[in-house]
Amino acid sequence: MDSPRRGWLAMLCLATTLVLGRSDLGPITDSNATNSTHGPALTLETTSENSAGCTASCKGITQAVTCYAGCDGIDFAICKGTEYIACKGGCLGIHKCVHKCEEKIVKPCERELVKKCHNKCEADVVKPCEKKCNASGHKLCVKLFEELVSAEGCHELCSEVVAAAESAAGGPLNPVADALAFALGSACVPTCSAALKEGLVPGTQEFAEFMCK
């Protein structure tokens, strides 16, 4: 092999070694960023059962599901730019070396693109939905507990409120209805019992606020 050829190959090998040795190209450690999952990639911290219900419900609306699904169709060609081409070229066809180039350069780039896409879905779709859901859910909750009174006790009252919430909010697929049902859940009956022990009367604003706080 002539001298210029050997020099060119040596430079490629050196470039590959430097790229593969770079620590700043290591994989992203954010466990929420994946290529195939939506729900777990994008979980938000919440401070109440109602807001947790809104978070789960808003991630399930059609607009959010469509947005997250779009993140799986991202064109990852940009991740195989000049840096990857130089790294792969320096491998001289060695499969293990090419695989390392992909793990160090391509995979982290792909995860970052998906993460950014998920974050945009959160900001543009889920967050606005949550804000509206939390406000509407509390208002609806208080309204229903003020209006509904059951002679059958807390179990019957809670069942009636959940059913009325779904009807008033537009059905079980509505984020407000889902969130309110989630917030009430198994806690409704014991909360109702506690309210009665406090001397609060069903159908009053005080009772309603206690149930919906």
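Is cysteine 212 buried or exposed? Select cysteine 212 in your viewer: with a relative accessible area of 10%, this residue is buried. Keep in mind throughout that the model is predicted.

**Stop 1: the disulfide at cysteine 212**

A disulfide joins cysteine 141 to cysteine 212, with 2.0 Å from S to S. The link is left-handed, with -85° about the S-S bond. Color helix 5 and helix 9 to see what is connected: cysteine 141 lies in helix 5 and cysteine 212 in helix 9, 71 residues apart, so the pair links distant parts of the chain. Cysteine 141 is buried too, with a relative accessible area of 4%.

**Stop 2: two rings**

The ring centres are 6.1 Å apart and the planes are at 65°; because an angle over 60 degrees counts as edge-to-face, the pair of phenylalanine 145 and phenylalanine 207 is edge-to-face. This pair also links distant parts of the chain: phenylalanine 145 is in helix 5 (residues 95-147) and phenylalanine 207 is in helix 9 (residues 205-212), 62 residues apart. Phenylalanine 145 counts as buried, at 0% relative accessibility, and phenylalanine 207 is buried with a relative accessible area of 0%.

Which residues are in contact with phenylalanine 145, leaving aside its neighbours within four places in sequence? Select Leu157, Val161, Leu184, Cys188, Gly203, Phe207, Ala208, Met211 and Cys212 to show them. The cysteine from the opening, Cys212, is on that list.

**Stop 3: the nonpolar core**

Phe145 and Phe207 also belong to the largest nonpolar core, which has 34 residues. Together with Leu180 and Met211, they have the most contacts inside this core. To see where the core comes from, show helix 2, helix 3, helix 5, helix 6 (154-168), helix 7 (175-184), helix 8 (188-197) and helix 9, the elements that give two or more residues to it. Helix 5 supplies the largest share of this core, 11 residues.

As background, nonpolar side chains in soluble globular proteins tend to be buried together.

**Stop 4**

How many disulfides does the structure hold? There are 10 disulfides, and the tour visits another two of them.

Select cysteine 54 and cysteine 133. They form a disulfide, with their sulfur atoms 2.2 Å apart. At -80° about the S-S bond, the link is left-handed. Cysteine 54 sits in helix 2 (residues 49-59) and cysteine 133 in helix 5, 79 residues apart, another link between distant parts of the chain. Cysteine 54 counts as buried at 0% relative accessibility, and cysteine 133 counts as buried at 1%.

Next, select cysteine 67 and cysteine 121, joined by a disulfide with 1.9 Å from S to S. The torsion about their S-S bond is about -90°, so this disulfide is left-handed. Cysteine 67 is in helix 3 (residues 62-71) and cysteine 121 in helix 5, 54 residues apart.

Conventions
Residues numbered from 1 in each chain as written. Predicted model: local features only at pLDDT ≥ 70, side-chain atom pairs only at ≥ 80, totals over all residues. Heavy atoms only, no water. Phe/Tyr/Trp six-rings, centres within 6.5 Å; stacked < 30°, edge-to-face > 60°. Helix = DSSP H or I, 4+ residues; strand = E, 2+ residues; numbered from the N terminus. Buried < 20%, exposed > 50% of the residue type's maximum accessible area, 1.4 Å probe, protein only. Disulfide = S-S within 2.5 Å. Core = buried A, V, L, I, M, F, W, Y, C linked by side-chain atoms within 4.5 Å. Contact = heavy atoms within 4.5 Å.
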